[in-house]
Amino acid sequence: MSLHATHREAGQVTVVELSGRITLGDGSALLRKTIRGLLEDQRKMILLNLADVDYIDSAGIGELVSGFIAVRNQSGELKLLHLTKKVRDLLQITKLFTVFDVFSDEGTALRSFG
Amino acid sequence: MASDTKHLEITLETQVESVNLAEEMCLRVAEAAGFGEDECYRIGMSVREGVINAFHYGNQECPEKKIHLAVDLTADKMIIHVLDEGAGFKLADVPDPLAEENLLSTSGRGIFLMRAFMDEFNVVPGRTGGAEIVMSKKLPAPGGTSANGQGGQSAAPHQEA
């Protein structure tokens, strides 16, 4: 299953709804394009909803980190919402849980943006 | 090779599509061998990472080079070989992705994931001059997927530095 991405505005925050697999090739490329597109539109507060992302490989992890850095370099914030167990486990063993702000409740996540 | 070993071998093009193909092929073998869902996920991910490594780092995405994937099913384990046609590398030279200075690296986690998800993992010089990743997973006990139906191993990922 390839990756699909849509986004909606919630005040100052853009919520990106992702579904499918973030893997080498089209999946990671779409994530990159989506985040870079938002930054070009000056949307710098980004919440990635990963509830329907059931698979991420090392290329996908790299793209998440790349997006995180790109947003931070523009004084924005990129946070994660609703991780599946597999994605949560991956972020834990790669210690990226200590890097990303991760939320299980959208309201709490939205209020956390500066 | 022992007579009761089943051997499967395929030569893949150096292209992104080979990553999915290799993963799907090995997943079918793993399922047929009796691995549960969680272990199949770990095996599939490891094959994926092995082929990504060969595609990107080994063969440098050069379409003239090939990726050689082999699977052996012995009496007690599934062994996967991924061989590239690059210049080879030493495991000791691979940076630790968990080191503080590497946490925000956008690459370099594939080897770590293979080590974490498989029972045995090594990189040896290949017959092509490139690197050969050799990794294995112990087969589940006969008729013995664990009580949660997820195979013989713990559901928690193995953690290694």
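1. Helix α2 of chain A is followed by A:Ser75, whose phi is positive, near 60 degrees. Helices here are DSSP runs of H or I with at least four residues, strands are runs of E with at least two, and both are numbered from the N terminus.

2. The model is predicted: local features need pLDDT of at least 70, side-chain atom pairs count only at pLDDT 80 or more, and totals for chains, interfaces and linings use all residues. Residues are numbered from 1 along each chain as its sequence is written, while chains are lettered from A and ligands numbered from 1 in the order in which they are written.

3. The length of α2(A) agrees with expectation, because its 16 residues should span 22 Å at 1.5 Å a residue and its end C-alpha atoms are 22 Å apart. The expected span is 1.5 Å times one less than the number of residues. Among the buried residues of this helix are A:Ile61, A:Leu64, A:Val65, A:Phe68 and A:Val71. A residue is buried if 20 or more other C-beta atoms lie within 10 Å of its own, exposed if 12 or fewer, and partly exposed in between, with C-beta atoms placed from the backbone.

4. Which residues of α3(A) are buried? They are A:Val87, A:Leu90, A:Leu91 and A:Ile93. The buried residues of this helix pack against β3 and α2 of chain A, together with α3 (110-117) of chain B.

5. Between the chains, 16 residues of chain A are in contact with 19 residues of chain B, contact requiring C-beta atoms, placed from the backbone, to lie within 7 Å. On the side of chain A that touches chain B, the elements giving two or more residues are α2 (58-73) and α3 (85-93) of chain A. The largest share, 7 residues, comes from α2(A). By class, this side has 7 nonpolar, 5 polar and 4 charged residues; Ala, Val, Leu, Ile, Met, Phe, Trp, Tyr, Cys and Pro count as nonpolar, Asp, Glu, Lys and Arg as charged, and the others, Gly among them, as polar.

6. Chain A as a whole has 4 helices and 5 strands, arranged from the N terminus as β-β-α-β-α-β-α-β-α. For 114 residues a compact globule would have a radius of gyration near 13 Å, and chain A agrees with its 13 Å. That radius is taken over C-alpha atoms, and the globule rule is 2.2 Å times the number of residues to the power 0.38. Of the 114 residues, 43% count as buried. Among contacts between residues at least 6 apart in sequence, 72% join residues at least 24 apart.

7. The sheet of chain A is open, with 5 strands in the order β1-β2-β3-β4-β5 and mixed pairing; two strands pair if DSSP finds at least two bridges between them. Its edges are β1 (4-10) and β5 (102-103), each with a single partner strand, so one side of each is left without a neighbour in the sheet. Strands β2 (13-22) and β3 (45-56) of chain A run parallel and are joined by 8 bridges; in β3(A), A:Ile56 is the bridge partner of A:Ile22. Helix α1 (26-40) of chain A packs on the sheet, touching β1, β2 and β3 of chain A, and its direction makes about 170 degrees with that of β2(A). Such angles run from 0 to 180 degrees between N-to-C directions, the axes being lines fitted to C-alpha atoms, for helices over the stretch in contact.

8. A:Leu18 lies in strand β2 of chain A and counts as buried because it has 22 C-beta neighbours inside 10 Å. Leaving aside neighbours within four places in sequence, A:Leu18 is in contact with residues including A:Ala5, A:Leu48, A:Leu50 and A:Val53.

9. Chain B also contains an open sheet of 5 strands, ordered β1-β2-β3-β5-β4 with antiparallel pairing. Strands β3 (77-83) and β5 (131-138) of chain B are joined by 7 bridges, and B:Leu83 stands opposite B:Glu132 in β5(B).

10. B:Ala33, in the loop between α1 and α2 (37-58) of chain B, counts as partly exposed, because it has 18 C-beta neighbours inside 10 Å. Neighbours within four places in sequence aside, B:Ala33 is in contact with B:Leu73, B:Met78 and B:Leu139.

Conventions: Contact = placed C-beta atoms within 7 Å.
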